[in-house]
Amino acid sequence: MSLTLADIDRLAHLARLGLQPEERTRLCSQLNDFFGIVEKMRAVDTSGVVPLAHPVDVSGDMALRLRDDVASEPNQRDANQQSAPAVESGLFLVPKVIE
Amino acid sequence: MTPSTELHDLTVAELAAHLRSRQVSAVEAAQHFLARAQSHAHLGAFLDTNPEVTLAQARAADARLAAGTAGALEGVPLAHKDIFVTRDFATTAGSKMLDGYHSPFDATVVSRLGAGVAGGAPGAGMVTLGKLNCDEFAMGSANENSAFHPVKNPWNTTRTPGGSSGGSAAAVAARLAPAATGTDTGGSIRQPASFCGVTGIKPTYGRASRYGMVAFASSLDQAGPLARTAQDCALLLSAMCGPDPDRDATSLDVPAEDFTRTLDADISGLRIGVPAEFFGEGLAPDVRAAVDAALKEYEALGARLVPISLPRTELSIPVYYIIAPAEASSNLSRFDGVKFGHRAKNFKDLNDMYEQTRAEGFGDEVKRRIMIGTYVLSHGYYDAYYLQAQKIRRMIADDFQQAFQQCDVIAGPVAPTVAWELGGHGNDPLADYLADIFTLPASLAGLPGMSLPVGFGAGNMPVGLQLIGNHLSESRLLNVAHRFQQATDWHTRRPQGI
Amino acid sequence: MTDTKSVAQKSLLVRGYEVVIGFETHAQLSTQSKIFSRAATAFGAEPNTQACAVDLALPGTLPVMNKGAVERAIELGLALGSHIAPRSIFARKNYFYPDLPKGYQISQFEIPVVQGGSVEFYLGDEKKSVRLVRAHLEEDAGKSLHEDFIGQTGIDLNRAGTPLLEIVTEPDMRSTAEAVAYAKELHKIVTWIGICDGNMQEGSFRCDANVSVRKPGEPLGTRREIKNLNSFKFMQQAIDYEIRWQIDELEDGRAIQQATVLFNPDNGETRAMRSKEDAADYRYFPDPDLPPLVIAPEWVERVRAGMTELPRVMAARFVTDYGLSDYDATALTQSREVAAYFEAAAQACGQPKLVGNWIMGEISRRLNATESDISACPVTPTQLGQLVSRIQDGTISNNAAKQVMDVLWAEPQAQVDAVIETKGLKQMNDTGALEKIVDAVLAANPKNVTEFRAGNAKALNALVGQIMKGSQGKANPQQVNDLLKQKLAG
């Protein structure tokens, strides 16, 4: 299996990355090089192995810690928006969204 | 303080003592290190300093020292990798995307080392000198992926300091700071520590809160200290670690611990596992020689070497470079030019704004990993890549548990070679990936690992020894490293002109 | 999805087509704080004043799960007889949208917290059961405001991170009426157990209907999803329109394209949304920031113990304790208020059936007239109890009781017995007086008497009518009947 420029365009769009033409071709060959070393991994027999999503969950009994339902965050709109590119009357502005 | 020793030659432990005994004030210490940072600006270690803030913190520390309410490391200067968000310094994560970004809050680790968590426990009282350079979003092994400028290795300024915590390692090696924080996702503390001849430790995943660390790969990222000695690392790590139930669901319910308590414990009878796979033909002879010598030294100290096997060591490269980019591709989606950070100047519509903003804001390596991550999670490929990688990740973790049946700690090289020339790997990202081979397995298994200087290789560049322990065995690792540093002086060597 | 039911189910065809409807409902959970942050969830705050660093996805922030949201999910599962997953997983659903701050929504994908179960209700007098596929926890998105900013959209993230339960059914519904009845029943349940305020205008209870049509026996047709139906009235109109539209398309030989559509209340039509790009590829994967959600059996039992009696449990109790029919029991458990009113009145007079009839009849008729509910009923359960007792002990007739009700409705202070007295509504129970009238009527109507004796039962009614007239309606009809039969038999 080898990635084509069409695959690169599909992925770039999914990831919202505007790529320059030469970037497309460079990435295409670099990704194909990378997936070359991945082939070895695909060949490994992993039947019956439980995926490890959390590194310390070796015993498989790791449980999500829950917090009590308390609303305690103060309004920090100004501090939170200090690095926002475009704000008007407290709203983040973006180009018109058409549904 | 004896006139012969300069402030910057003191270890964290010594500085803390001098400050407590008021031989030196926090303001004097801060001024001294700020001056050094300035006079060594050519190394490119710092991305942001703010003397007013630093000196204000130092004055507050002096006040606490005077009032007798001092923290464990009150007044000792420190610099943070620019992956940790800070209220008083800009936070860029080494990326154009966050150029000039100011966080409304401090990372938990920053608070714990500093004045303490607001409304929570008091901190260690350390004074922040500034923010340290790193690879963009901590993605890299040479610090050449910083969007601003590379970092030079103090031992040879034509060489890389390693990455991604290159600024941290270089700052400590050049004695621009007695200690620094770093983050380690696949080796980003251990490898630069090795390349710069300093000591660094990545604790067990979940030991230190990730709250306030700009996320790269959530299931791998861990914070840790870099300093000149294992003892200093123990002092900092004790302050950094501890549960953060209100902010990080993956922080472990393990109480904070004093990692200095057992530093001096006897290590005779210690079983050191030596994985055959870490000593294959990929390992450069100069590095191998230094590592072998270190293992001999351990035998002299009464430890026993046990041959072990970590059969999937090589697989850890594809496994890591699938899992980490997958998580990164999702973690970096929030950088869309809407709520914070860079937004493109020109765009046609919303979609174009996204694509231009992210194209301009992200560097090549980050784009590469976003593409890889997007691919391995995409429809039809998830099982073959991401899920398969998570399964082999489990096998790799199990391999370690097997190994720890036979040994107490595992020792081997940190990297196959010493620090290479800046630009040495050219445009070959794979070369960087492959060089991570010895640090990736412990990261995938969430195990604590550290690097300590054990000699020099080609070009008189430092070589580090990697120690890997089982979950929550940081005390043991630091003890094993400390005993070595009691018997040797590699950790005291300094780069020429420093 | 299994579709065995549609075969078994009696389906009412529309122009020869069978309608197939499934629901996805987003219920906002009534927690104080957000699902993954400590920001408040209150509705209507100033833009972005309830969006904290975590809700805005500022660099370095991480999610921490709200216990209250999990508890509410468990309650719904228990209410609908679902399986509560002992271990469920949070996953990331990746897509770019301005109201989605992280660029992904934290949801549940492969293993949801609530699995299976069913919603049961009456459609007319037919009992229906709609099977649930699942209900999973997820975070709500923010809001896009398209007005006020020339060529731009304003983003308010106050709603971002509000806890949601997405409740998904099998395609079990076969008519608009059944679909609306299902939605009303689900709405009743979530508000009854108090996990959701049910405010549809504010978007607390949002329904998406998956609608398709097919010729009986054929495989499921292509479905179109009607999004954000925020009132039962629009739901009715939208689904009706969609069914008509799809059948028209098919009849004109056009195939249905899968699509997401919006209902426009102004023209009563549905139109396809500009399809959200990448809908095909959300790149779900387990969220590494959140370990598995583990729910121990003890926790489920603690929640069960703390829950109020569920409508269908209460209805079953009404059948056994009060001897009501299934239908009446269901009708009287439409809301906790009605059920409470019924029980109070029934216990006051010990006549549950009569009380039930009065609530479902006279009282609801009067309330409907003013579009008000039981909480606005001027007649207390105690008063209704007294009234029913007076009917039961023969003091007044049903018609008289309605006149008493009129008075009580107008003057809530009025006493039942006092009203009966002052309006002179007592039935004549004095046999002596009654007998005189009977004898007089019999004497005056020999024709009816002979007809009756000849076997014409109708003749009796005529006589009864005469006698009631003679008593100005105060005679007890039962007594009159007995007396007549006895005399005519003689």
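In β9(C), which residue is the bridge partner of C:Ser118?

Mentor: The bridge partner of C:Ser118 in β9(C) is C:Arg131. Keep in mind that this is a predicted model. That bridge belongs to a pair of strands in chain C. β8 covers residues 118-123 of chain C, and β9 covers residues 126-139. The two strands run antiparallel and share 6 bridges. Together they make a hairpin, with 2 residues between the strands.

Strands of a sheet pair through backbone hydrogen bonds, either parallel or antiparallel. Here 4 strands form an open sheet, and the pairing is antiparallel. Read across, the order is β2(A)-β3(A)-β11(C)-β10(C). The edges are β2 (87-88) of chain A and β10 (143-145) of chain C. Each edge strand pairs on one side only. Look at the join between the chains. β3(A) meets β11 of chain C, residues 152-156, through 4 bridges. These two strands also run antiparallel. One pair to pick out is A:Leu93 and C:Gly154, which are bridge partners.

That sheet brings us to chain A. This chain has 3 helices and 3 strands. Along the sequence they follow the pattern α-α-β-α-β-β. The radius of gyration of chain A is 23 Å, while the globule rule gives 13 Å for 99 residues. The value is well over the rule, so chain A is more spread out than a compact globule. Its C-alpha trace spans about 55 × 50 × 25 Å along the principal axes.

Chain A also touches chain B. The contact takes 54 residues from chain A and 71 residues from chain B. The size of an interface is often given as the accessible area lost when the parts come together. For chain A and chain B, the buried area is about 5400 Å², with 67% of it on carbon and sulfur atoms. Three residues of chain A stand out: A:Met41, A:Leu52 and A:Arg65. They supply 14% of the area that chain A buries against chain B, more than any other three residues.

A:Arg65 has a further part in this contact. It forms a salt bridge with B:Asp253, and the closest N and O atoms are 3.0 Å apart. Between chain A and chain B there are 5 salt bridges. There are also 23 residue pairs in polar contact, both residues being at pLDDT 80 or more. Several elements of chain A supply at least two residues each to this side: α1 (5-14), α2 (21-43), α3 (77-80) and β3 (91-95). α2(A) gives the most, with 14 residues. By residue type, this side of chain A divides into 35 nonpolar, 7 polar and 12 charged.

Next, cross over to chain B itself. Chain B has 15 helices and 11 strands. Its radius of gyration is 21 Å, close to the 23 Å that the globule rule gives for 498 residues, so chain B is as compact as a globular protein of that length. The C-alpha trace of chain B spans about 65 × 55 × 45 Å along its principal axes.

Within chain B, look at B:Glu474 and B:Arg207. Their side chains meet in a salt bridge, 3.0 Å from N to O. B:Glu474 lies in helix α15 (474-487), and B:Arg207 lies in the loop between β5 (199-202) and β6 (222-227), so the pair ties together parts of chain B that are 267 residues apart in sequence. A search of the whole structure finds 56 salt bridges over all chains.

Finish where chain B meets chain C, the chain we began with. This contact takes 38 residues from chain B and 30 residues from chain C. The two chains bury about 2800 Å² between them, 59% of it on carbon and sulfur atoms. The count of salt bridges here is 2. B:Arg210 and C:Asp289 meet in a salt bridge, 2.9 Å from N to O. There are 12 residue pairs in polar contact between chain B and chain C, both residues being at pLDDT 80 or more. On the chain B side, α9 (316-331), α10 (350-361) and α11 (364-377) each give two or more residues. α9(B) gives the most, with 4 residues. This side of chain B divides into 20 nonpolar, 10 polar and 8 charged residues.

Technical notes. Residues numbered from 1 in each chain as written. Chains lettered and ligands numbered in written order. Predicted model: local features only at pLDDT ≥ 70, side-chain atom pairs only at ≥ 80, totals over all residues. Heavy atoms only, no water. Contact = heavy atoms within 4.5 Å. Buried area = accessible area lost by both parts, 1.4 Å probe. Salt bridge = Lys/Arg side-chain N within 4 Å of Asp/Glu carboxyl O. Polar contact = N/O pair within 3.5 Å; in protein donor to acceptor, adjacent residues only side chain to side chain. Nonpolar A, V, L, I, M, F, W, Y, C, P; charged D, E, K, R; others polar. Pairing = 2+ DSSP bridges. Rg over C-alpha atoms; globule rule 2.2 N^0.38 Å.
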